[in-house]
Amino acid sequence: MHMEQLRELLLSLPGVSEEEPFGPEVVVYKVMGKMFALVDYDSVPPTMNLKCDPDRALDLRDVHEAIRPGWHMNKRHWNTLDLDGSLRGPLVAELVRHSHDLVVAALPRRVREQLG
C-alpha cells in the first residue's frame with residue numbers, strides 16, 4: 001500500500017481527524033478526538049502504530065515479522081507495523097479499520113451515535 005493510499009484510507013473513516021501534536025515527524029489520526037493510529041511517513045521504512053485486540057496482537061506478531069509491539073505505546077494493546085511492503089494492502093487496511101472500530105466501541109454512546 002502506498003503512503004498516499006494509506007492516508008486516504010485513514011481519512012475516509014467516519015469521524016477521523018489528522019493532527020501533528022508531536023511535531024511534523026508523526027501524524028496522529030483520531031476518531032472523535034481519540035487516537036487510533038500514528039504514522040511516521042518519513043521513517044525508513046514508514047511505520048504505523050495501531051490499536052489491536054490483545055490476543056490478536058500477539059497472533060499477528062507471531063505470524064508477521066513486520067508487526068511488533070507498539071513503539072512508545074501500551075504493548076498489550078498497540079502494534080507497530082513496519083510498512084516495508086511485506087504486509088499486504090488488504091491486511092493493513094483491515095488492521096486500520098480494526099483499530100478504528102476498537103476506539104469507536106469505547107466511546108460514549110452519544111458520541112458513537114454522532115458517527116451514524
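What follows is a set of questions about strands, helices and a pocket in this predicted model.

Visitor: What makes β3 and β4 a pair of strands?
Guide: Two strands count as paired when DSSP finds at least two bridges between them. One of the bridges links aspartate 40 to threonine 47 in β4. With 6 residues between them, β3 and β4 form a hairpin.

Visitor: What makes β4 and β6 a pair?
Guide: Strand β6, residues 78–82, pairs with β4 over 5 bridges, in the antiparallel sense. The cut-off is at least two bridges, so β4 and β6 count as paired. Here threonine 47 stands opposite aspartate 82.

Visitor: How do you know that the span of helix α3 agrees with its number of residues?
Guide: Helix α3 covers residues 89–106, which is 18 residues. At 1.5 Å a residue they should span 26 Å, and the end C-alpha atoms are 26 Å apart, so the two values agree.

Visitor: Which residues of α3 are buried?
Guide: They are Leu91, Val92, Ala93, Leu95, Val96, His98, Ser99, His100, Val103 and Val104.

Visitor: Why is arginine 109 called exposed?
Guide: Exposed means a relative accessible area over 50%. Arginine 109 has 59%, so the residue is exposed. Arginine 109 lies in helix α4, residues 109–115.

Visitor: How far apart are arginine 109 and arginine 68 in sequence and in space?
Guide: They are 41 residues apart in sequence and 32 Å apart in space, C-alpha to C-alpha.

Visitor: What lines the largest pocket, and how much space lies in it?
Guide: The space is about 250 Å³. The lining has 13 residues, and those nearest the centre of the pocket are Val26, Leu38, Thr47, Asn49 and Trp71. The elements giving two or more residues to this lining are β3 and β4. The largest share, 4 residues, comes from β3.

Visitor: What classes of residue make up that lining?
Guide: The lining of the largest pocket has 7 nonpolar, 4 polar and 2 charged residues.

Methods. Residues numbered from 1 in each chain as written. Predicted model: local features only at pLDDT ≥ 70, side-chain atom pairs only at ≥ 80, totals over all residues. Heavy atoms only, no water. Expected span 1.5 Å × (residues − 1). Buried < 20%, exposed > 50% of the residue type's maximum accessible area, 1.4 Å probe, protein only. 1 Å grid on protein atoms, 1.4 Å probe; cavity = no way out; pocket = protein on both sides within 12 Å on 5 of 7 lines; lining within 4 Å. Points joined across faces, edges and corners; volume = space filled by probe spheres on them. Nonpolar A, V, L, I, M, F, W, Y, C, P; charged D, E, K, R; others polar.
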